[in-house]
Every structure is written in structure tokens, then in C-alpha cells.
Amino acid sequence: MEMTLQLTIDCADPRKLVAFWSEALGYVPEPPPGGHATWREYWAALGVPEEELPAGAGDVPESIVDPAGHGPRIWFQQVPEPKAVKNRMHFDLKVGGGRDVPLEVRARRVAATVERLVAAGAGVLRTTDEPDAGQYAVLLEDPEGNEFDVV
């Protein structure tokens with residue numbers, strides 16, 4: 001049996017996170033399958049009871065996919081409770097090129113990505129700038145407070 005991987009992120013506003021993480025990862029909103037106009041229409045065709053779907057669920061895409069087909073599908077699942085604690089898992093957006101790339105070049109690449117993501121709604125939490133250790137990274141949070149690193 002074939003296995004696929006989906007990453008599910010609990011959130012209050014799937015639309016906001018679909019837009020942000022599409023920009024951050026170079027993903028695209030996942031269109032509904034089988035010619036359906038919306039995911040809600042698709043779920044209704046499968047027989048999902050209306051009472052199981054929150055208001056607005058599936059009216060717009062709530063998942064994103066890698067257009068090249070390599071990365072996992074990411075689903076932003078609307079939940080009623082707010083984020084309460086630090087993430088136990090997070091994304092590392094590796095844009096610097098690795099330790100074979102000079103630190104100054106990596107830092108410029110990281111800074112450019114951070115600037116783009118802040119414009120898209122991220123907040124900067126902390127910058128780690130340790131030239132003696134060959135490290136430059138920025139800890140950010142997405143529009144709902146989920147932390148991630150750009151390295």
C-alpha cells in the first residue's frame with residue numbers, strides 16, 4: 001500500500017494561513033477535486049453531513065500543495081480553540097544554501113526572505129547572528145503565532 005504525507009496545522013482562519021504559507025513555501029492553494037466548484041461541494045457529494053462542517057468550511061481552499069508535486073500537502077484545519085503554547089514542531093525554511101556558502105551570502109538570502117515574509121504577515125521574534133559559529137537565522141511567527149525559522 002502506498003503512503004502519502006499530509007501535514008495538518010490547527011488554526012482559527014484557514015484562508016489567512018493558506019495565503020501566507022503559499023507565499024512562504026511557493027505552494028499553491030489546492031483546487032477541489034473532480035470538477036467541483038468548492039471543497040464544500042465536493043464533501044457534500046461524498047456525503048459529509050452539513051453539521052460536521054464549520055460555517056464557511058470548504059468555500060475556499062483550506063489546503064496547499066507543492067506545484068512540483070514533491071512536498072507534502074498541508075491542510076489548515078479550522079479549530080475553535082486558540083493557540084495556547086509554543087509549537088512542538090515547526091518549519092525550517094532553508095534558503096541560505098548551507099554551510100558551504102559564505103555566511104555573508106547566507107545572511108543576505110535569509111534577510112531577503114524575512115523581508116518578503118514580514119510583508120506577507122509574519123512577525124520577527126528573534127535573530128541569531130553568531131559569525132564565530134557560522135550561524136545566521138531568524139525566528140518568525142506566522143499570522144496566527146506559529147513559529148518557524150528562516151536559515
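## Terms and basis of the model

Two strands are said to pair if DSSP finds at least two bridges between them, and helices (H or I, at least four residues) and strands (E, at least two) are DSSP runs, numbered from the N terminus. This is a predicted model, in which local features need pLDDT of at least 70 and side-chain atom pairs count only at pLDDT 80 or more, while totals for chains, interfaces and linings use all residues. Residues are numbered from 1 along each chain as its sequence is written, and side-chain values use heavy atoms, with hydrogens and water left out.

Four strands make up an open sheet in the order 5-8-7-6, and their pairing is mixed. Strand 5 (91–93) and strand 6 (123–130) each have a single partner strand and stand at the edges, so one side of each is left without a neighbour in the sheet.

Strand 7 (residues 135–141) and strand 8 (residues 147–150) run antiparallel and are joined by four bridges, with Val150 in strand 8 as the bridge partner of Val138. Strand 7 also pairs with strand 6, in the antiparallel sense and over seven bridges, and there Leu140 of strand 7 stands opposite Val124. Four residues separate strand 6 from strand 7 in the hairpin that the two form, and Gly134 in the turn has a positive phi of about 70°.

## Helices on the sheet

Helix 1 (residues 14–25) lies across strand 5 and strand 8 and runs at about 40° to strand 5; axes here are lines fitted to C-alpha atoms, for helices over the stretch in contact, and angles run from 0 to 180 degrees between N-to-C directions. Helix 3 (residues 103–119) packs on the sheet, where it touches strand 5, strand 6, strand 7 and strand 8, contact meaning heavy atoms within 4.5 Å.

Several residues of helix 1 are buried, among them Leu17, Val18, Phe20 and Trp21, where buried means under 20% relative accessible area, exposed over 50% and partly exposed in between (1.4 Å probe, protein chains only). Gly26, which follows helix 1, has a positive phi, near 75°.

## Aromatic contacts

The whole structure contains six aromatic pairs, counted where ring centres of Phe, Tyr and Trp (its six-membered ring) lie within 6.5 Å, with planes under 30 degrees apart taken as stacked, over 60 as edge-to-face and the rest as tilted. Trp21 and Phe91 form a tilted pair, 4.7 Å centre to centre with 40° between the planes. This pair links distant parts of the chain, since Trp21 lies in helix 1 and Phe91 in strand 5, 70 residues apart.

Trp21 has a relative accessible area of 1%, and ring pairs join Trp21, Phe20, Phe91 and Phe148 into a cluster.
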